[in-house]
Amino acid sequence: MTPTAPHAPRRPEDQRLPLGKTFAYGLQHILTMYGGIIAPPLIIGTAAGLGTADIGMLISAALFVSGLATLLQTLGLPFFGSRLPLVQGVSFAGVATMVTIVNGGGGLPSVFGAVMVAAALGLLITPFFAQVIRFFPPVVTGTVITVIGLSLMPVAVRWAMGGRVNAPDWGSTGNIGLAAFTLAVVLLLNKVGNRAVARISVLLAMVIGTVAAMLAGKAHFSGLASGALLALPQPFAFGWPTFELPAILSMLLIVLVLLTETTAGLMAVGEIVGSPVDSRRIANGLRADMLASALSPVFNSFPQSSFAQNIGLVALTGIKSRFVVSAGGLILVLLGVIPALGVIFAAIPLPVLGGAGVVLFGSVAASGIRTLSKVDYKDNMNLVVVATAIAFGMIPIVMPTFYDRFPGWVNTLLHSGISASCLAALLLNLLFNPVRSADVPVVRSSSVPRG
């Protein structure tokens with residue numbers, strides 16, 4: 001029997017890499033999710049009628065808070081943080097609701113007040129919410145992971161086409177060609193490169209794609225000189241929060257959706273990393289989510305959630321270390337306080353991100369399919385559960401207006417393909433497959449962090 005190295009990590013996610021590699025891989029994570037993290041504050045700030053400077057403040061705040069939330073999730077404190085390689089960011093799930101609150105006359109103070117109260121209530125219910133892990137056998141987790149990947153594909157396609165429908169070059173052959181070039185570079189580096197090159201293939205491909213875009217006149221760094229050297233977050237820059245019951249109730253429903261999506265994200269990354277995830281670890285992860293969400297309005301930001309696109313990067317590169325994602329969290333904090341750095345990241349053309357996103361998001365779906373391959377489909381209803389839940393999760397993806405005429409709470413709950421498939425798979429599995437002890441994940445107590 002081969003003796004264990006004295007400093008070998010007991011869990012894959014606890015592996016420590018050299019400092020240079022850690023930050024290079026962390027930068028790769030941030031490049032993957034940068035476009036998604038700045039979109040919600042941009043949309044909400046525009047709806048609130050803010051000027052360019054104030055919207056920039058919201059974006060910087062989103063980066064800063066998301067970085068702190070990522071550090072909390074990956075490094076952890078007692079009872080807070082899953083200690084898994086999971087990137088946190090402003091969730092898209094609540095954007096429509098927050099825009100409605102803003103347009104209802106409450107403005108940003110009403111949004112911030114609703115987020116604080118709803119997230120605080122979410123923090124209280126996390127121990128109860130985490131107990132649902134026993135109802136998530138592979139037939140459920142595999143379905144949800146698959147739909148996470150599929151639900152992200154429209155994002156990659158929109159990026160590849162140019163990002164904005166009203167852009168003059170939307171869907172141009174130049175944009176799609178740039179995305180295809182970036183995708184080809186990712187594939188080429190994975191094919192001909194060694195293991196070290198393959199692990200940073202996405203980062204290298206985005207650098208090469210950006211250089212190609214500059215040569216084609218599609219990338220510019222002219223705004224770099226105008227970026228401020230340092231801009232520390234100003235607490236409650238848009239006024240003290242106000243607390244309105246209708247807004248709070250609306251945000252409470254969003255919090256339930258976030259808890260569902262983050263639970264799915266925790267289970268997905270645990271499956272990909274190969275690390276056990278039980279109810280205690282899920283509760284720690286959810287508490288980190290809710291604490292970050294409750295405190296984010298102090299620094300002028302919005303609810304936090306796990307970013308599914310980064311799960312694809314873990315699956316593609318095989319880099320499972322949570323400290324890599326922690327390095328990414330530190331980069332986010334720096335981007336939030338040094339706006340000039342953000343200008344560099346923002347100059348990366350969306351088609352470049354789209355080309356990389358195709359393989360990243362597809363990797364998540366492939367990981368789900370791999371989990372589903374372990375499911376027994378003989379003499380049971382598992383095939384029906386998987387087929388129906390995936391179809392249910394695809395409805396809001398292929399037809400985003402499907403639930404528009406339903407009551408508002410139904411639309412909010414099911415508008416996300418991830419939460420829709422999660423609920424469908426969970427309920428169908430409970431209906432057709434009675435929970436047995438064999439379905440419940442068994443985790444040795446020694447392998448689960450206490451804090």
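The largest nonpolar core of this predicted model holds 77 residues. A nonpolar core is a set of buried Ala, Val, Leu, Ile, Met, Phe, Trp, Tyr and Cys residues joined through side-chain atoms within 4.5 Å. Buried means under 20% relative accessible area, exposed over 50%, and partly exposed in between, with a 1.4 Å probe and protein chains only. Ile44, Leu108, Ile148, Met251 and Phe302 have the most contacts inside this core. Its largest share, 14 residues, comes from helix α8 (residues 245-273). Ile148 touches Ala264, Ala268, Ala308, Val364 and Ile418, leaving aside residues up to four places away in sequence. Contact here means heavy atoms within 4.5 Å. Another core lies apart from the largest one. This other core has 14 residues, among them Ile30, Tyr34, Val325 and Leu335. In soluble globular proteins, nonpolar side chains tend to be buried together.

The model is predicted; local features need pLDDT of at least 70, side-chain atom pairs count only at pLDDT 80 or more, and totals for chains, interfaces and linings use all residues. Residues are numbered from 1 along each chain as its sequence is written, and side-chain values use heavy atoms, with hydrogens and water left out.

The secondary structure comprises 16 helices and two strands. Helices (H or I, at least four residues) and strands (E, at least two) are DSSP runs, numbered from the N terminus. Of the 451 residues, 53% count as buried. Among contacts with a separation of 6 or more, 83% join residues 24 or more positions apart.

Helix α10 (residues 308-317) is mostly covered, with eight of its ten residues buried. These are Ala308, Gln309, Asn310, Ile311, Gly312, Leu313, Val314 and Thr317. Ala308 is also one of the residues touched by Ile148. Just after α10, Gly318 takes a positive phi of about 75 degrees.

Two residues other than glycine also have a positive phi. Phe79 has a value of about 75 degrees and lies in the loop between α2 (52-75) and β1 (88-90). Phe236 has a value of about 50 degrees and is found in the loop between α7 (201-215) and α8. Most residues other than glycine have a negative phi.

One cavity of 30 Å³ or more is counted. A cavity is a set of points, on a 1 Å grid over the protein atoms alone, where a 1.4 Å probe fits but cannot get out; lining residues have an atom within 4 Å of a point. The largest cavity has a volume of about 30 Å³, the volume being the space filled by probe spheres set on the points. Its lining consists of Leu31, Thr32, Trp159, Met206, Leu353, Ala356, Gly357, Leu360 and Phe361. α1 (19-47) and α13 (350-372) each supply at least two lining residues. α13 gives the most, with five. By class, the lining has seven nonpolar, two polar and no charged residues.

The mean pLDDT (the predictor's confidence in each residue, from 0 to 100) is 81, and 89% of the residues reach 70 or more.

Note on methods: 1 Å grid on protein atoms, 1.4 Å probe; cavity = no way out; pocket = protein on both sides within 12 Å on 5 of 7 lines; lining within 4 Å. Nonpolar A, V, L, I, M, F, W, Y, C, P; charged D, E, K, R; others polar.
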